[in-house]
Amino acid sequence: MLDSTMARMKEIVEDAQSHYEPGNQAKCYAAVWRNHIYPRYRISYNTLLRYLAIAENGYKEATSEIAPGQLTLFDEEF
């Protein structure tokens, strides 16, 4: 992912976690998305959940490393 996208993702996750309160239905992730995240960032609820999952895994999913066995578009070998 681009650095700007990663920075935006981290900002959104920090914003969501600052408003989230476990056990309080008025401050669950859906309510936080509805009242704080969507009006400011205009992302879907599923995108917020994906960002939170990536953050929980330490942003390892979002790196652009090529997985072993993954084909590349332009191979150096001809």
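**View 1. Trp33, Tyr38 and Tyr45 make up one aromatic cluster.** The model is predicted, so local features need pLDDT of at least 70 and side-chain atom pairs count only at pLDDT 80 or more, while totals for chains, interfaces and linings use all residues. Residue numbers start from 1 along each chain as its sequence is written, and side-chain values use heavy atoms, with hydrogens and water left out. Rings of Phe, Tyr and Trp (its six-membered ring) pair up if their centres lie within 6.5 Å; planes under 30 degrees apart are called stacked, over 60 edge-to-face, and the rest tilted. That rule gives three aromatic pairs. In one of them, Trp33 with Tyr38, the ring centres sit 5.3 Å apart and the planes are at 50 degrees, so this pair is tilted.

**View 2. Trp33 also pairs with Tyr45.** Here the centres are 5.8 Å apart and the planes are at 65 degrees, so we call the pair edge-to-face. Trp33 belongs to helix α2 and Tyr45 to helix α3, so the pair ties together parts 12 residues apart in sequence. Helices are DSSP runs (H or I, at least four residues), numbered from the N terminus. How accessible is Trp33? Trp33 has 21% relative accessibility and counts as partly exposed. Tyr38, at 33%, is partly exposed, and so is Tyr45, at 29%. (Buried means under 20% relative accessible area, exposed over 50%, and partly exposed in between, using a 1.4 Å probe and protein chains only.)

**View 3. Helix α1 (residues 3-19) crosses helix α3 (residues 45-56) at roughly 95 degrees.** Their axes come within 10 Å; axes are lines fitted to C-alpha atoms, for helices over the stretch in contact, with angles running from 0 to 180 degrees between N-to-C directions. That makes α1 roughly perpendicular to α3; the cut-offs are under 35 degrees for roughly parallel, over 145 for roughly antiparallel, 65 to 115 for roughly perpendicular, and oblique for the rest. On the α1 side, look for Arg8, Met9, Ile12, Val13, Ala16 and Gln17, and on the α3 side for Leu48, Tyr51, Leu52, Ile54 and Ala55. Contact here means heavy atoms within 4.5 Å.

**View 4. Helix α1 meets helix α2 (residues 29-41) at roughly 135 degrees.** The two axes come within 9 Å, and α1 and α2 are therefore oblique to each other. The contact is made by Arg8, Glu11, Ile12, Asp15, Ala16, Gln17 and His19 of α1, plus Tyr29, Val32, His36, Ile37, Arg40 and Tyr41 of α2.

**View 5. Zooming in on Asp15, a residue of helix α1.** Is Asp15 buried or exposed? At 14% relative accessibility, Asp15 counts as buried. Setting aside neighbours within four places in sequence, Asp15 is in contact with Ile37, Arg40 and Tyr41.

**View 6. Arg42 sits in the loop between α2 and α3.** Most residues other than glycine have a negative phi. Arg42 isn't a glycine, yet its phi is positive, about 55 degrees. At 56% relative accessibility, Arg42 counts as exposed.

Key:
Helices (H or I, at least four residues) and strands (E, at least two) are DSSP runs, numbered from the N terminus.
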